[in-house]
Amino acid sequence: MLPAGVVLLVSGLYLGLLFLLAFLTERRVRKGAAQFIGSPLVYTLSLAVYCTSWTFYGAVGSASRNGLEFLTIYLGPTLVFVGWWLLLRKLVRISRTQNITSIADFISARYGKSAAISALVTLMAVIGSIPYISLQLKAVTASYEVLVGTAASNAAEVSRTGFGTGLLADTGFWVTVSMAAFVILFGTRNLGADQRHPGVVAAIAFESVVKLLAFAAVGLFALYGLGGGLSDLVSRVQERPDLSHLYSFPDGFEPRWVTTLFLAGIAAICLPRQFQVTVVENSDERHLATAAWLFPLYLMLISLFVLPIAAVGLTALPAGADTDLYVLTVPLSAGREDLALLAFIGGLSAATSMVIVASLALSIMISNHLVAPLLLRSSYFASPEAGNLSGMLLLTRRLSIVAILVLGFIYYRGTDTGSPLASIGLISFAGVAQFAPALIGGVYWKHATKSGALCGLVVGFVFWAYTLLVPKLAKAGWALEDLVTQGLGGVALLRPGAFLGLEGWDPLVHGLFWSMSANLAVFVIVSLFTRPSPIESLQSALFVNALQPGKPQAEVALQRSATTKDLLRLAQRILGAERSREIFRDYARRQGREDDLPAPDPPLIAYVERQLASSVGAASARSLVSGIVKGETISLDALIGLLDETQQAIRTSRALERKSQELQETATQLRAANAQLKALDKMKDEFLSRVSHELRTPMTSIRSFAEILSDMSDQDQQLDSEQAGHFLKIIHKESERLTRLLDEILDLSRMESGEATLRRDRLDAARIAAAAVETMEGLAKQSGVDLQVDLGQDAIWVVGDEDRLKQVFVNLLSNAIKYHRQPDENDQAKATSPRKVWVTQGKAPHGRVELRFCDNGPGIPESDRDKIFSKFARAGTEKAGIALSGSGLGLPISRQIMQHLGGQLRLDQTGPGGSVFVVRLLDAASVAAQ
């Protein structure tokens, strides 16, 4: 046995060395000097975080009990990495382009950046990882107690009192405290979760070398220090019939092997820590090609010594010794405390590397997907004037690390501490395996929907907890024994260990079968019967087609507008002033601009959203950006461009089958298009003629009266003040008319090009409509039209731009007044009927408000109904005897305004009884609720 002081001193020095290595590495990386950290060798060694205390201690224990079954834990990830181009390459490519920060962020981003999915995956990951973290605490605690000789005294204390030692005297408690402090110092110095953690990666790579060397040292000692080599050990084992299980397969091993092989392969992707090092920390996609052979080689090397240590432990140590600790007890039994201390450091490396990366990954998920959404909904942080979130998020991550390790300690102390390490680890593997359908299905099946993923995750997790976790907790003494023996509600068919009568199955096989089957079935069925939202469809295409070259990116498909200042202010709240200025300055240089502020465009908005996602996750970043952008729509052309190759192949095949029919349809379409072009060209000529006429008329008046005034001045003739004032009023009026026409043309041009910036304020639509009616009262009286407003007494709160909204209302009222047909003298019914234009409220879908502008005029001819919103056309109501003036741009401008405000303007009905134009606006209450 070793003195506790020596073990603690060596452990402290080792952990201090790790921290120093991480600190120096990060400093050199910031200076651009640590090129080695970006090498495929370091990346591959960091992947060996997969080899935890379970591998270092538990693999030997598993081999001692179940023989060759331990190999499945190594073969699973080996198969995944050998076939790296099938899945891993796609995960890395997507994560780099989408700025993914965790597995929860990845699944959430695939399904429309859903906050609900990210929160659910985070909760599942935390609950599923707690048993695995408790495994590390148990392994370090047990190995320390064996090394310093306190294990026997602790066992005697439990036997004497029925309880363990006090909290402050509990080795596991101090292991938990030490690891929490170490992880906080290690991984929470930077906010950006997408930023590489070179110090952590370097430390994990170093620990991988240490645990391999320590394990190999114990294995070589078992072979050659305690025997005559491999042949001698084999002969000794063959002389013991009771040890034949070490090199043979038991009857009926196949289901268990398939299950553990599947779980190990899935865990290499779905474990939060493995996703962190494999995907998030990957700096070069080409490193996967090296890892495809080097990581399996590492696993093979460490597995070579499992059976020798197990065999020596079973032959040299007394019966009843803890098989999970043979790595320590074999050298201790031979008096080699130095080798045992090295083995302890190797086990400590295996445990700390897992706890560091797992806690770091889980803390990022908690802060981004549980805490950040709550903060952003609070009145303080939702305000544009609120302070930065970075300090709060860092504090959240540190507190999350403490909470995660405390939960691991509680699980460790509250469950059966006599359970083998392998059984604890496999429960965690089965828990995180529930991510597989949503994760893998999401990157290969474009029809997978958010509803399907959400329902599948919930059902799979419930079945995992019921069939695997509940029996484990019941065995540990929790008050669940009746549920396990009698079933849910006393129904025997619903027993956790024999669900629906499946008796005699291995508990792990049984639990995984039900949880994964239910998860996958619900995921597929619900996805088939639900329709994705537009943003889901866009993300689906981006994820499924991630490896296809030449596909458009999200910023091409999302048509959004926002000011650069608003985007910069938002970025500074989350990322800090310095990093935000650097991001915007770099983007401005990419645009070829000299100043530090880039031009606002959809790609800039998408870029800022990805940068925010690196700190708060995709779902929260989308929520933040949606609060300041306007007019978020998805381009149809971009969606068509994002369709996968399978659809294109199907369309091509069908096109070949119907070649002659397609050619005929194409010819017909070309003829129709040609006719439309001719009609459009004619309308364009008419428009130019009309605009020229409209421009010429005021200009002629201005010129004529200006010449009269000029001639009178040249001839020294005096005009009386009344006549001169009259001429000046005409010149002023015609100048305003000319200015209005030019403003309309420029306004429409800005609207169509997306350069116009409209406000989105909370407005009373009823008040604005009343103001528009008041503005048009004079024209209405001149035309003999009665204007009425019937919108009730209550305010109608909408989201919009007050000036632009009034412009739309005035245009509609002006058209209704001007286009009113004068009643025929012979038409007594028309002559006696009052001429009215009225504004009323209509029914609209949820989240919308509808105003209706009605008249009892002659209606719009059927031939003109498709043209009235075109800038090149005007309804030909001159045929009805109405002489018109103006450019005819009012309705096109009004429709553009409504589209920019996220609303709608359409002709609802028209005929001899009058016309009705409908304006739909965003309901302010619904927008606020989002």
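Trainee: Which residues does Ser-303 touch, not counting residues up to four places away in sequence?
Mentor: This is a predicted model, and Ser-303 is found in helix H14, which covers residues 287-303. Its relative accessible area is 12%, and the limit for buried is under 20%, so Ser-303 is buried. With sequence neighbours up to four places away set aside, the residues that Ser-303 touches are Phe-70 and Tyr-74.

Trainee: Is Leu-301 buried, partly exposed or exposed?
Mentor: Leu-301 has its place in helix H14. Leu-301 also belongs to a nonpolar surface patch with Trp-293, Leu-297, Met-300 and Leu-304. At 34% relative accessibility, Leu-301 counts as partly exposed.

Trainee: How much accessible area do the residues of that nonpolar patch have together?
Mentor: The patch is formed by Trp-293, Leu-297, Met-300, Leu-301 and Leu-304. Taken together, their accessible area is about 480 Å².

Trainee: Which residue forms a salt bridge with Arg-256?
Mentor: Side chains of opposite charge can pair when their charged atoms come close. For Arg-256 the closest N and O atoms of the pair are 3.1 Å apart, and the partner is Glu-69.

Trainee: How many residues apart in sequence are the parts that this pair ties together?
Mentor: The salt bridge joins Arg-256 and Glu-69. Arg-256 lies in helix H12 (residues 254-270), while Glu-69 lies in the loop between helix H3 (53-66) and helix H4 (72-82), so the pair ties together parts of the chain whose separation in sequence is 187 residues.

Trainee: Is Glu-69 buried or exposed?
Mentor: The relative accessibility of Glu-69 is 12%. The cut-off for buried is under 20%. Glu-69 therefore counts as buried.

Trainee: What is the N to O distance in the salt bridge of Arg-286 and Asp-284?
Mentor: Arg-286 is exposed, with a relative accessible area of 66%. The side chains of Arg-286 and Asp-284 meet in a salt bridge, and the N to O distance is 2.8 Å.

Trainee: Which residue pairs with Asp-761 in a salt bridge?
Mentor: Asp-761 counts as partly exposed, at 25% relative accessibility. The closest N and O atoms of its salt bridge are 2.7 Å apart, and the partner is Arg-759.

Trainee: Which residues are linked with Glu-850 in a network of salt bridges?
Mentor: The structure holds 16 salt bridges. The residues linked in a network with Glu-850 are Arg-852, Arg-906, Asp-908 and Arg-920.

Trainee: How many of the 9 residues of helix H13 are buried?
Mentor: Helix H13 runs over residues 272-280. The buried residues in H13 include Pro-272, Arg-273, Phe-275 and Val-280. Helix H13 is largely enclosed by the rest of the structure, because the buried count is 9 of the 9.

Trainee: What separates the C-alpha atoms of Arg-585 and Leu-597?
Mentor: Arg-585 lies in helix H28 (residues 577-590) and is partly exposed at 32% relative accessible area. Arg-585 and Leu-597 are 12 residues apart along the chain, and their C-alpha atoms are separated by 6.2 Å.

Trainee: What is the phi of Asn-99?
Mentor: Most residues other than glycine have a negative phi. Asn-99 lies in the loop between helix H5 (88-98) and helix H6 (103-110), and counts as buried at 12% relative accessibility. Although Asn-99 is not a glycine, its phi is positive, about 55°.

Trainee: Where is Leu-500, which has a positive phi near 55°?
Mentor: Leu-500 is partly exposed, with a relative accessible area of 47%. The place of Leu-500 is in the loop between helix H23 (481-486) and helix H24 (507-528).

Trainee: What share of the 930 residues in the protein chain is buried?
Mentor: The protein chain has 40 helices and 9 strands. Its accessible surface comes to about 42100 Å², with 59% belonging to carbon and sulfur atoms. Of the 930 residues, the buried share is 51%.

Definitions and conventions: Residues are numbered from 1 along each chain as its sequence is written. This is a predicted model: local features need pLDDT of at least 70, side-chain atom pairs count only at pLDDT 80 or more; totals for chains, interfaces and linings use all residues. Side-chain values use heavy atoms; hydrogens and water are left out. Helices (H or I, at least four residues) and strands (E, at least two) are DSSP runs, numbered from the N terminus. Buried means under 20% relative accessible area, exposed over 50%, partly exposed in between (1.4 Å probe, protein chains only). Contact means heavy atoms within 4.5 Å. Accessible areas come from the Shrake-Rupley method with a 1.4 Å probe; for residues, only the protein chains shown count as cover. A salt bridge is a side-chain nitrogen of Lys or Arg within 4 Å of a carboxyl oxygen of Asp or Glu. Patches are made of residues with over 30% relative accessible area and no salt bridge: like charges are joined within 9 Å, nonpolar side chains (Val, Leu, Ile, Met, Phe, Trp, Tyr) within 5 Å.
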